[in-house]
Amino acid sequence: MAVNSVRIAAAQMTSINDLATNYATCARLVKEAASAGAKLLCFPENFSFVGAKDGESLKIAEPLDGPILKGYCALARESNMWLSLGGFQERGSDDAHLCNSHVLIDDAGNIRSTYKKMHLFDVDVPGGAVYKESSFTEAGKEIVAVDSPFGRLGLTVCYDLRFPEVYQQLRFHHGAQVLLVPAAFTKVTGEAHWEVLLRARAIETQCYVIAAAQGGKHSEKRESFGDTLIIDPWGTVIGRLPDRASTGIVVADIDFSLIESVRTKMPISQMLYAKDSYWPFPASTESP
């Protein structure tokens with residue numbers, strides 16, 4: 001590991017409709033990450049629960065100070081590790097809705113930041129099922145970036161990946177260096193688009209991308225693509241599990257000197273702000 005770097009890990013798992021079983025899996029993966037020297041472990045969307053029937057996720061949804069998340073805060077504290085918990089079923093404004101919330105917990109077990117998924121998965125998957133996430137989920141309204149020992153992190157969730165303006169905002173307006181993309185892509189959409197979208201987001205923002213994924217069959221009705229990836233600011237895949245549907249972790253180093261080198265040698269931020277006529281976002285808070 002280089003001097004100007006920090007080790008992180010991304011998890012891949014097959015969550016089911018059993019909170020205790022999923023927690024046990026997460027705890028085991030935290031131990032693996034700690035043994036590998038990682039200081040941050042990123043979990044996929046719906047890490048704590050994937051319902052087998054309609055309405056199950058609503059029934060287990062809790063506020064951020066509820067017992068489910070308290071258990072994961074304790075896990076972070078006991079393992080002295082930061083946890084990115086993407087896609088937690090946070091209780092919504094009424095009994096018929098939840099929020100798909102990406103929660104970042106520090107190594108003392110404190111919630112550092114929360115992002116609510118903005119783009120909800122209302123899609124008729126070609127050759128597959130019809131999804132209507134908005135029927136039970138409230139969309140978030142705010143882009144979130146937060147400082148950490150692993151650089152400035154941009155928080156997103158799954159379907160956000162198809163909306164590049166979110167990642168442009170995170171990099172050029174909020175100064176992100178590392179983009180977190182916890183996901184549960186379907187098998188059909190994952191085979192077609194998963195890797196190319198992730199690499200595109202890394203290349204166009206010159207950020208590391210950490211994409212923790214659900215993989216395998218959760219139930220008779222639901223299967224996720226998997227293929228957890230870590231990608232560097234040049235768009236190179238630097239971490240990947242050999243089996244895209246297995247449970248495990250992948251480890252890589254965030255090299256801050258590489259971020260600086262890529263951005264210095266290809267200074268796209270300077271070109272963007274020289275062309276204000278087509279740039280739709282507010283001025284950057286970072287130095288070009």
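Helix axes here are lines fitted to C-alpha atoms over the stretch in contact, and angles run from 0 to 180 degrees between N-to-C directions. The model is predicted, so local features need pLDDT of at least 70 and side-chain atom pairs count only at pLDDT 80 or more, while totals for chains, interfaces and linings use all residues. Residues are numbered from 1 along each chain as its sequence is written, and side-chain values use heavy atoms, without hydrogens and water.

Helices (DSSP runs of H or I, at least four residues) and strands (E, at least two) are numbered from the N terminus. Helix α1 (residues 19-35) and helix α3 (residues 67-79) have axes that come within 11 Å and cross at roughly 15°. That makes α1 roughly parallel to α3, a term for angles under 35 degrees. Contact means heavy atoms within 4.5 Å; α1 contributes Leu 19, Asn 22, Tyr 23, Cys 26, Ala 27 and Val 30, and α3 contributes Ile 68, Gly 71, Tyr 72, Leu 75 and Ser 79.

Helix α4 (residues 164-172) packs against helix α5 (residues 187-205) at about 35°, with the axes 10 Å apart. Pro 164, Tyr 167, Gln 168, Arg 171 and Phe 172 of α4 meet Arg 201, Glu 204 and Thr 205 of α5.

A pocket is an open set of points on a 1 Å grid over the protein atoms alone, where a 1.4 Å probe fits, with protein on both sides within 12 Å along at least five of seven lines; lining residues have an atom within 4 Å of a point. Of the 40 residues lining the largest pocket, Asp 54, Tyr 131, Glu 133, Phe 136 and Arg 222 are the closest to its centre.

Note on methods: Parallel < 35°, antiparallel > 145°, perpendicular 65-115°, else oblique.
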